[in-house]
Amino acid sequence: MNLVIFGPPGSGKGTQAERIKSRFELAHVSTGDLLRAAVASQSDLGRKVEGILAAGELVSDGIVLELIREAVTRVGNDESVRGWLLDGFPRTRGQAEGLGEIVAAVGQKIDAIVVLEVPREAIVERLAARGRTDDTPETVMNRLDVYEEATAPILDYYEGKVSIHRVNGDQPIEAVTEAIERLLT
Ligand code: B4P
């Protein structure tokens with residue numbers, strides 16, 4: 001099974017992905033984690049994207065698509081998992097179209113998209129409590145705006161093509177996990 005977990009910044013995509021990956025034996029692929037690891041290692045890629053992450057802007061589609069192409073190929077050769085769980089990707093229409101080409105080239109498809117719905121006020125509160133370097137109030141506001149403008153419209157692109165499951169993400173972590181598991185089994 002190949003899944004995409006979708007939602008605004010701070011909606012709990014990474015939190016839920018960590019919990020459901022073992023339940024469904026999936027490889028968790030987070031573009032945010034891959035980019036933060038590149039920054040931490042100060043690789044060429046990391047130095048290029050560091051400022052973009054700090055500002056809450058999107059890294060270019062070309063860079064992110066290359067990371068995903070590598071990850072999908074790696075997971076396809078990994079017999080210990082039954083598919084992938086993409087977290088934080090796609091985030092633009094260009095990424096969605098690029099993902100379609102990548103999965104078609106390896107004979108795969110997206111089986112479902114899980115959308116975590118959380119009101120803006122709850123997100124601002126959550127991220128202020130977490131305090132990652134891109135969780136400052138100004139950056140969080142920018143990330144939410146970028147989500148509304150560039151990312152949320154992707155769901156229209158997938159409408160009618162892939163099963164889209166909407167989940168209330170504004171409830172305790174365990175309740176969100178249970179809701180996702182019910183939808184997918
Ligand atoms: P991401 O790493 O994807 O970060 P995120 O959207 O903020 O986090 P997520 O939704 O996973 O929230 P989490 O579970 O951590 O992106 C970071 C940056 O990387 C982007 O701004 C961009 O610059 C770049 N980037 C990433 N992907 C890209 C792409 N495809 N294209 C271009 N650029 C890209 O949860 C957040 C907090 O809430 C945690 O503290 C958690 O404990 C808490 N929480 C979770 N669930 C909760 C619940 N149910 N109740 C209360 N608190 C909860």
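Visitor: Hi! How do the residues lining the largest cavity divide into nonpolar, polar and charged?

Guide: Hello! The lining of the largest cavity has 5 nonpolar, 3 polar and 2 charged residues. One thing to keep in mind as we chat is that this is a predicted model.

Visitor: Which residues line that cavity?

Guide: The lining of the largest cavity is made by Ile5, Phe6, Gly7, Lys13, Gly88, Phe89, Pro90, Arg91, Tyr147 and Thr151. Two elements, β1 (3-6) and α7, each give two or more residues to this lining.

Visitor: What volume does the largest cavity have?

Guide: The volume of the largest cavity is about 60 Å³. The count of cavities of 30 Å³ or more comes to 1.

Visitor: Okay, what about pockets? What is the volume of the largest one?

Guide: The largest pocket has a volume of about 790 Å³. Its lining is made of 37 residues, and those nearest the centre of the pocket are Gly10, Lys13, Arg91, Arg132 and Arg143.

Visitor: Which helices supply at least two residues of the pocket lining?

Guide: There you can look for α1 (13-24), α2 (31-41), α6 (120-130), α7 (137-151) and α9 (173-184), each of which supplies at least two residues of the lining. The largest share comes from α2, with 5 residues.

Visitor: And how many nonpolar, polar and charged residues are in the pocket lining?

Guide: The lining of the largest pocket counts 11 nonpolar, 15 polar and 11 charged residues.

Visitor: You mentioned Arg143. What does its side chain meet in a salt bridge?

Guide: Arg143 pairs with Asp134 in a salt bridge, at 3.8 Å from N to O. The pair belongs to one network, in which salt bridges with shared partners join Arg130, Arg132, Asp134, Asp135 and Arg143.

Visitor: Is Asp134 buried or exposed? And what about Arg143, buried or exposed?

Guide: Asp134 is buried because its relative accessible area is 9%, under the 20% cut-off for that class. Arg143, at 11% relative accessibility, is buried too.

Visitor: How many salt bridges does the structure hold?

Guide: There are 13 salt bridges in the structure. One of them joins Arg93 and Glu97, whose closest N and O atoms are 2.9 Å apart.

Visitor: How many residues apart are Arg93 and Glu97 in their helix?

Guide: Arg93 and Glu97 are 4 residues apart in helix α5 (residues 93-105), so about one helical turn separates them. An α-helix has 3.6 residues a turn, so residues three or four places apart point the same way. Arg93 is partly exposed, with a relative accessible area of 47%, and Glu97 is partly exposed at 35%.

Visitor: Which salt bridge links distant parts of the chain, then?

Guide: Take Glu117 and Arg166, whose side chains form a salt bridge at 3.6 Å, N to O. Glu117 is in strand β4 (residues 112-117) and Arg166 is in strand β5 (residues 163-168), which puts the two 49 residues apart. Glu117 is partly exposed at 38% relative accessibility, and so is Arg166 at 45%.

Visitor: New topic: helix α4. How many residues does it have?

Guide: Helix α4 (residues 61-76) has 16 residues. From its first C-alpha to its last, α4 reaches 22 Å, close to the expected 22 Å.

Visitor: Which residues of α4 are buried?

Guide: In α4 the buried residues are Ile63, Val64, Leu65, Leu67, Ile68, Ala71, Val72 and Val75. The buried residues of α4 pack against β2 (27-30), α2, α3 (44-55), β3 (84-87) and α5.

Visitor: Last one! Which residues have a positive phi although they are not glycine?

Guide: Glu25 is one, with a phi of about 55°, and Gln42 is another, with its phi also about 55°. You can find Glu25 in the loop between α1 and β2, while Gln42 lies in the loop between α2 and α3. Glu25 is partly exposed, with a relative accessible area of 40%, and Gln42 is partly exposed at 34%.

Terms used. Residues numbered from 1 in each chain as written. Predicted model: local features only at pLDDT ≥ 70, side-chain atom pairs only at ≥ 80, totals over all residues. Heavy atoms only, no water. Salt bridge = Lys/Arg side-chain N within 4 Å of Asp/Glu carboxyl O. Buried < 20%, exposed > 50% of the residue type's maximum accessible area, 1.4 Å probe, protein only. 1 Å grid on protein atoms, 1.4 Å probe; cavity = no way out; pocket = protein on both sides within 12 Å on 5 of 7 lines; lining within 4 Å. Points joined across faces, edges and corners; volume = space filled by probe spheres on them. Nonpolar A, V, L, I, M, F, W, Y, C, P; charged D, E, K, R; others polar. Expected span 1.5 Å × (residues − 1). Contact = heavy atoms within 4.5 Å.
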